[in-house]
Amino acid sequence: MRPESLAALVALATEPLGLEERELHARLLQAGVTDPMLALQALRGAGLVREQHRRWAPTPSGHEALREAARLLERSQDPSPSSPGMDECPSIPWLTQVQTHWVEAVSINYAVDADRLARLLPSPLLPEIHRGTAWVQVLMSSLRDMRPQGVSPLLGVCFYQVSYRAAVRYRNARGEWRRGGYFVRSETNDPVMQRVGNTLDEFRFHAFGEANMVMAREGDLLTVAVDPESAYPGGKLVAVFDTKPRTHPPLGSVWTGLQDLHEPLVECYDALGVSGDFVYVLTIDREPWNARFCTPVELYCEYFEEGPLAPGARLDSVLHLTECAYRWRPLRRERHAPFTGPVER
């Protein structure tokens with residue numbers, strides 16, 4: 001269907017009683033359609049509209065054509081389409097299809113050595129290389145009202161979470177590449193959420209630890225702290241950030257601006273896990289981050305300064321964001337093909 005005809009069909013479908021021809025023409029001209037009559041004739045010739053009592057309205061076939069156009073448009077904008085052979089896998093729906101809201105979050109972006117990161121990844125996941133290096137983001141967030149979709153926010157859980165998300169990719173059994181994030185470390189301050197995340201065998205995305213956490217604000221200054229329980233050593237994090245928004249990255253960053261790092265580090269909607277011959281894909285549908293650069297006043301992150309990615313880890317930049325809703329899609333999986341060697345982007 002041509003865009004002009006689709007515009008005419010949408011205009012007619014929004015009016016239960018239909019539109020007179022002159023009113024339809026006026027609306028289409030206002031929308032930038034240069035030949036409204038041609039658009040209407042195309043729809044009539046295809047049997048998608050009909051005229052009754054001097055008013056035009058979609059036929060049943062027209063309504064179905066509009067629904068199909070909407071489905072095609074939705075699929076074309078899907079940031080994580082299913083590959084042929086990818087299946088939704090058995091799970092517990094109310095545990096694996098949840099929604100929540102990031103009240104406030106920081107993304108602390110580290111450039112890391114690709115070989116060191118590769119040692120932490122299960123096969124077939126490989127470090128994704130951007131600007132000559134691998135990347136891990138420390139995502140610390142305050143989450144509000146996490147609950148199964150459709151459940152009242154009053155029954156939701158509020159907690160803190162910190163995740164160390166590595167930018168990775170893998171090749172599936174069809175030979176196609178898919179990118180996502182793999183969590184090399186995660187903690188939460190909520191013991192129930194920790195047990196849920198560690199109980200489901202399919203959740204190879206988070207090996208949740210437990211920690212005391214705080215996010216406290218005083219004016220523009222945001223203080224965050226993570227003190228893991230003794231069973232989860234190596235994850236102390238203490239930082240103070242000046243959250244006054246900056247549009248430019250700090251000196252020494254490899255990125256030229258927010259748009260430059262958006263696709264590599266922000267537009268990452270799939271959390272990946274591996275079990276046997278399958279890669280599990282948990283996709284997050286979320287609102288735009290609308291993140292801005294912020295300035296670290298003080299920062300100590302044990303994992304990068306003394307942990308498995310040290311030496312060689314380098315702080316590149318920090319992003320700050322507020323008020324971002326998201327929900328999980330049903331869990332999917334697909335067979336993978338083995339491959340060795342990092343991928344340059």
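In this predicted model, Ser5 is buried, with a relative accessible area of 4%. Ser5 is part of helix α1, and, leaving aside its neighbours within four places in sequence, it is in contact with Ala39, Ala42 and Leu43.

Within α4, Gly62, Ala65 and Leu66 are buried. These three cover an arc of only 100° around the axis, which puts them on the same side of α4. On the other side of α4, Pro60 and Glu74 are exposed. The buried residues of α4 pack against α1 (3-13) and β3 (55-58).

The next topic is the nonpolar interior. In soluble globular proteins, nonpolar side chains tend to be buried together. Here, the largest nonpolar core has 40 residues, and those with the most contacts inside it are Val138, Met140 and Phe304. Strand β8 (residues 157-172) gives the largest share of this core, six residues. Another core, of 29 residues, lies apart from it and has Trp135, Ala167, Leu258 and Ala271 among its members.

Not counting residues up to four places away in sequence, Phe304 touches Tyr110, Val112, Val136, Val138, Tyr164, Leu309, Ala310 and Ala313. Phe304 also belongs to an aromatic cluster, which it forms with Tyr110, Tyr164 and Tyr303.

Aromatic rings meet elsewhere too. With ring centres within 6.5 Å taken as a pair, the count comes to seven aromatic pairs. In one of them, the rings of Trp135 and Trp255 have their centres 5.2 Å apart and their planes at 40°; an angle under 30 degrees would be stacked and one over 60 edge-to-face, so this pair is tilted. Trp135 lies in strand β7 (residues 134-148), while Trp255 sits in the loop between β12 (237-246) and α8 (258-266), so the pair ties together parts that are 120 residues apart in sequence. Both partners are hidden from the surface by the cut-off of under 20% relative accessible area: Trp135 is buried at 1%, and Trp255 counts as buried at 3%.

A charged side chain can also meet a ring, as Phe278 shows: Arg333 lies over the face of Phe278, at 3.8 Å from the ring centre. Phe278 is also one of the residues touched by His336. This histidine lies in strand β17 (residues 332-337) and is buried, with a relative accessible area of 17%. Not counting residues up to four places away in sequence, the contacts of His336 include Ser123, Pro124, Tyr170, Arg171, Gly276 and Asp277. His336 and Tyr280 are 56 residues apart in sequence, and their C-alpha atoms are 9.9 Å apart in space.

Definitions and conventions
Residues are numbered from 1 along each chain as its sequence is written. This is a predicted model: local features need pLDDT of at least 70, side-chain atom pairs count only at pLDDT 80 or more; totals for chains, interfaces and linings use all residues. Side-chain values use heavy atoms; hydrogens and water are left out. Buried means under 20% relative accessible area, exposed over 50%, partly exposed in between (1.4 Å probe, protein chains only). Helices (H or I, at least four residues) and strands (E, at least two) are DSSP runs, numbered from the N terminus. The arc is that of the directions from the helix axis to the C-beta atoms. Contact means heavy atoms within 4.5 Å. Rings of Phe, Tyr and Trp (its six-membered ring) pair if their centres lie within 6.5 Å; planes under 30 degrees apart count as stacked, over 60 as edge-to-face and the rest as tilted. A charge sits over a ring if NZ of Lys or CZ of Arg is within 6 Å of the ring centre and within 35 degrees of the ring normal. A nonpolar core is a set of buried Ala, Val, Leu, Ile, Met, Phe, Trp, Tyr and Cys residues joined through side-chain atoms within 4.5 Å.
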